[in-house]
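Please consult the sequence and structure shown here alongside the text.

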Amino acid sequence: MKHDYSDSLKALSADMVKEYLLENSDFFIRHPELLLSLRIPHTERGTVSLIEHQQQNLRSRVCQLEEEITSLLSVASRNEDIYRFYNQLFFDLLETESLEEINRVLVDSFKSRFRFAKVRLAVTDSTGQFDQPELNLILRRRLNEHGYYLGRLPAQEQNPLVAQDNGSVALVCIGDRGTPVALLAIASNDPSHFSPDMDTMMLDQIRQLLAYKIPQLRHG
C-alpha cells in the first residue's frame, strides 16, 4: 500500500498541482493552516510563509505602480510645458509685422526654450527657389511626403543649412513642397535629439501659420 502511494506522488506533476489549485480557488480557504505552514525560499530571510511572500509581492507591485505614476506625471508636466511654449509662440508669430521679426521670434524662442544650437528661417523668392542652390537640392532629396526631415545629415548637407557639421536637425518645409515659401531649419548639438519617429503635431501648427503669414508680409 505504501509503495502505491509513493508511485502516485511521483506521477503527480507540478502542472497537475497548478491546474488543481486554479480549478479550486477556495482550496486555501478550506485549508487556512497551510498558508502559514508552507515555506517559500527567500533571498534574504531563508524562507517565508506564503502570506509573507504574497505581501512582499504586493508591496513590490505598489512601489512599481508608484514609480509608473510618478513617471507619467513627469511626462504630462513636460508635455504641458511644451504645449504652452508652442501656444505662446503661435501668438507671438501672429503679431509679427515683418519677415525679420518672424525670424527673430523663431530664433529667440527655440533657442531660449530648448537651447538649440542653430535656428534659421530661409525664405524663397517669388518662384519658390532659394538663393542657395544647395537648399533646393536638399529639400527635394530629404523631405518626406509631409514636408519634414528629422534626424542626422551628412556634414556636406547640414553645413549649408545651419553652419554646423554635427548633431541632428529638423527641417520644416513651409508651404507646398513643389513651390515652398520658406524652410525652417533647427539644429541640436545632440545627435539623437531629432529622429524620424518624432511627432510633428505642434510643429504642424507653426508651419501652417508661417505658410499663411510669410506670403502676406512679403506681398504686403
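In this predicted model, H5 and H6 pack at an angle of about 165 degrees, and their axes are 10 Å apart; axes are lines fitted to C-alpha atoms, for helices over the stretch in contact, and angles run from 0 to 180 degrees between N-to-C directions. H5 and H6 are therefore roughly antiparallel to each other (angles under 35 degrees count as roughly parallel, over 145 as roughly antiparallel, 65 to 115 as roughly perpendicular and the rest as oblique). Helices are DSSP runs (H or I, at least four residues), numbered from the N terminus.

**Basis of the model**
- Because the model is predicted, local features need pLDDT of at least 70 and side-chain atom pairs count only at pLDDT 80 or more, while totals for chains, interfaces and linings use all residues.
- Residues are numbered from 1 along each chain as its sequence is written, and side-chain values use heavy atoms, with hydrogens and water left out.

**H5 and H6**
- The crossing of H5 and H6 is right-handed (a crossing is left-handed if the near helix is turned anticlockwise from the far one by less than a right angle, and right-handed if clockwise).
- Asp81, Ile82, Phe85, Tyr86, Leu89, Asp92 and Leu93 of H5 make the contact with Ile102, Val105, Leu106, Ser109, Phe110, Arg113 and Phe114 of H6, where contact means heavy atoms within 4.5 Å.
- The residues of this contact of H5 with H6 comprise ten nonpolar, one polar and three charged (Ala, Val, Leu, Ile, Met, Phe, Trp, Tyr, Cys and Pro count as nonpolar, Asp, Glu, Lys and Arg as charged, and the others, Gly among them, as polar).

**H6 and H9**
- The axes of H6 and H9 come within 10 Å and cross at roughly 160 degrees; H6 and H9 are therefore roughly antiparallel to each other.
- H6 passes H9 in a left-handed crossing.
- In H6, Leu99, Ile102, Leu106 and Phe110 meet Leu203, Ile206, Leu210, Lys213, Ile214 and Leu217 in H9.
- The contact of H6 with H9 has nine nonpolar residues, no polar residues and one charged residue.

**H7 and H8**
- Helix H7 (residues 133-142) and helix H8 (residues 155-162) have axes that come within 10 Å and cross at roughly 125 degrees, which makes H7 oblique to H8.
- H7 passes H8 in a left-handed crossing.
- Glu134, Leu135, Ile138, Arg141 and Arg142 of H7 make the contact with Glu157, Pro160 and Leu161 of H8.
- By class, the contact of H7 with H8 has four nonpolar, no polar and four charged residues.

**Largest pocket**
- The largest pocket is lined by 17 residues, of which Ile82, Tyr86, Met198, Asp199 and Met202 lie nearest its centre.
- On a 1 Å grid over the protein atoms alone, where a 1.4 Å probe fits, a pocket is an open set of points with protein on both sides within 12 Å along at least five of seven lines, and lining residues have an atom within 4 Å of a point.
- Helix H5 (50-94), helix H6 (99-114) and helix H9 (201-219) each supply at least two residues of the lining, and H5 gives the most, with four residues.
- The lining residues divide into twelve nonpolar, three polar and two charged.
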